[in-house]
Amino acid sequence: MGVIGTIIGWIVFGLIAGFIARAIVPGKDHIGIARTIAVGVVGSILGGIVFGLLTGGFRGFQPAGWIGSIIGAVIVLVVYNRVTGRKQNRL
C-alpha cells in the first residue's frame, strides 16, 4: 500500500485543504473537484516551502501540516482567481 496509499493520502489531504480554502476565500468559485484537489496539494507544498524558509529548516519540497496547507491553499486560490479572473463577488 506504499505508493498507492501515499497518492490517495495526498488526494484526500488536498481535497480537504482545498475545500477549506474555498470556504475561507469570499465569493463563488467555479472550479471542480480536480482543481480543488490541485489547489490543496499545491497549497500544501507552498505552505511547506514558506514554513521552511521562515524557520530556516528548508528541506526541499515537503508538505506542510494542516494549518500551513490551508494558508498555502488560500494563497494559491487567491492567485488563481486573480490570474484567471474567474472570481465573482456577488452580494
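1. Burial first: a residue counts as buried under 20% relative accessible area, exposed over 50% and partly exposed in between, with a 1.4 Å probe and protein chains only. By that rule Phe-13 is buried, at 18% relative accessible area, while Trp-66 comes out partly exposed at 43%. Of the 91 residues in the protein chain, 30% count as buried.

2. A word on provenance. This is a predicted model, in which local features need pLDDT of at least 70 and side-chain atom pairs count only at pLDDT 80 or more, while totals for chains, interfaces and linings use all residues. Residues are numbered from 1 along each chain as its sequence is written, and side-chain values use heavy atoms, with hydrogens and water left out.

3. The overall layout is quick to describe. The protein chain has 3 helices and 0 strands, running α-α-α from the N terminus. Helices here are DSSP runs of H or I with at least four residues, strands are E runs of at least two, and both are numbered from the N terminus. Taking contact as heavy atoms within 4.5 Å, residues 24 or more positions apart supply 66% of the contacts with a separation of 6 or more.

4. Now α1. Its 23 residues reach 33 Å from first to last C-alpha, close to the 33 Å expected at 1.5 Å a residue; the expected span is 1.5 Å times one less than the number of residues. Phe-13, Gly-14, Ala-17, Gly-18 and Ala-21 are the buried residues of α1, and they pack against α2 and α3.

5. Next, α2, which covers residues 33-55. With 23 residues, α2 spans 32 Å between its end C-alpha atoms, close to the expected 33 Å. The buried residues in α2 include the glycines Gly-40, Gly-43, Gly-47, Gly-48 and Gly-52, along with Thr-36, Ile-37, Val-39, Ser-44 and Ile-49. The buried residues of α2 pack against α1 and α3. After α2 comes Gly-56, with a positive phi near 75°.

6. Then α3, with 19 residues and a reach of 26 Å from first C-alpha to last, close to the 27 Å expected. Buried in α3 are Ser-69, Ile-70, Gly-72, Ala-73, Val-74, Val-76, Leu-77 and Asn-81; their cover includes α1 and α2. Just after α3, Gly-85 has a positive phi of about 70°.

7. Ser-69 deserves a look of its own. Ser-69 sits in helix α3 and counts as buried at 0% relative accessibility.

8. On aromatics, the structure holds 1 aromatic pair. Phe-13 and Trp-66 make up this tilted pair, at 4.2 Å centre to centre and 45° between the planes. Phe-13 lies in α1 (residues 2-24) and Trp-66 in α3 (residues 66-84), so the pair ties together parts 53 residues apart in sequence. For the cut-offs, rings of Phe, Tyr and Trp (its six-membered ring) pair if their centres lie within 6.5 Å; planes under 30 degrees apart are stacked, over 60 edge-to-face, and the rest tilted.

9. The largest nonpolar core has 10 residues: Ala-17, Ala-21, Val-25, Ile-31, Val-39, Ile-70, Ala-73, Val-74, Val-76 and Leu-77. The elements that give two or more residues to this core are α1 and α3, with α3 giving the most, 5 residues. Such a core is a set of buried Ala, Val, Leu, Ile, Met, Phe, Trp, Tyr and Cys residues joined through side-chain atoms within 4.5 Å. Leaving aside residues up to four places away in sequence, Val-74 touches Ala-21, Ile-24 and Val-25.

10. Last, the surface and the record. The protein chain exposes about 5,900 Å², with carbon and sulfur atoms supplying 73% of it; the areas come from the Shrake-Rupley method with a 1.4 Å probe, and for residues only the protein chains shown count as cover. An unreviewed UniProt entry places "transmembrane region" at residues 6-25, 37-58 and 64-83. UniProt positions are in the numbering used here, feature names are shortened, and annotations may be inferred rather than shown by experiment. Over residues 6-25 the model is 95% helix and 0% strand, with the end C-alpha atoms 28 Å apart.
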